[in-house]
Amino acid sequence: MIRFVLLLFTFAMLINRPVLNAIVLATFQQEALAEHNLKRQIHCTGPMTLNSTLNTIAQNYSEYLAANNLFVHSYTPGLGENLYQISSSNPITYLNGKR
């Protein structure tokens, strides 16, 4: 069975600091993975799995983007990325891996 790897980006720049501090990264990753695999199942595609090395690369890059107020692909050879952004006129007070 081919195992797929899910590369997650948690964009600190998209959420205010109190919400960021309330997020448990491992929980967020598992929620996002479960939601993503539900969508893959609908399309008869096998499930993805988390990879701690890729998660670390993704997290470091997302923190770089946040620190530099950027929103661009890294164009790292061999890695693909899906960038996601949300905004609201109201403060974002809750964020989970399902959204």
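Q: What end-to-end span should α2 have, and what do its end C-alpha atoms give?
A: This is a predicted model. At 1.5 Å a residue, the 18 residues of α2 should span 26 Å. The end C-alpha atoms are 26 Å apart, so the two agree.

Q: Which residues of α2 are buried?
A: F28, Q29, A32, L33, N37 and R40. They cover an arc of only 160° around the axis, which puts them on the same side of α2.

Q: And which exposed residues sit on the face turned away from that buried side of α2?
A: Q41 and I42 are the exposed residues there.

Q: Switching to charges. How many salt bridges are there in the structure?
A: One. K39 pairs with E35, and the closest N and O atoms are 2.9 Å apart.

Q: Where do K39 and E35 lie?
A: Both are in helix α2, residues 25-42. They are four residues apart, about one turn of the helix.

Q: Why can side chains like that pair at all?
A: Opposite charges can pair when the charged atoms come close.

Q: Now aromatics. How many aromatic pairs turn up in the whole structure?
A: The search finds one. Y61 and Y64 form that pair, and it is stacked. The rings are 5.9 Å centre to centre, with 25° between the planes.

Q: How far apart are Y61 and Y64 along helix α3?
A: Three residues, so about one helical turn separates them. Helix α3 covers residues 52-67.

Q: What about burial for Y61?
A: Y61 counts as buried, because its relative accessibility is 14% and the cut-off is under 20%. Y64 is partly exposed, with a relative accessible area of 44%.

Q: Zooming out. How many helices and strands does the protein chain have?
A: Three helices and two strands. Along the sequence the pattern reads β-α-α-β-α.

Q: What share of the protein chain is buried?
A: Buried residues make up 31% of the 99 residues.

Q: Last one. What share of contacts join residues at least 24 apart?
A: It is 66%, counted among contacts between residues at least 6 apart in sequence.

Technical notes
Residues numbered from 1 in each chain as written. Predicted model: local features only at pLDDT ≥ 70, side-chain atom pairs only at ≥ 80, totals over all residues. Heavy atoms only, no water. Salt bridge = Lys/Arg side-chain N within 4 Å of Asp/Glu carboxyl O. Buried < 20%, exposed > 50% of the residue type's maximum accessible area, 1.4 Å probe, protein only. Contact = heavy atoms within 4.5 Å. Expected span 1.5 Å × (residues − 1). Arc of directions from axis to C-beta. Phe/Tyr/Trp six-rings, centres within 6.5 Å; stacked < 30°, edge-to-face > 60°.
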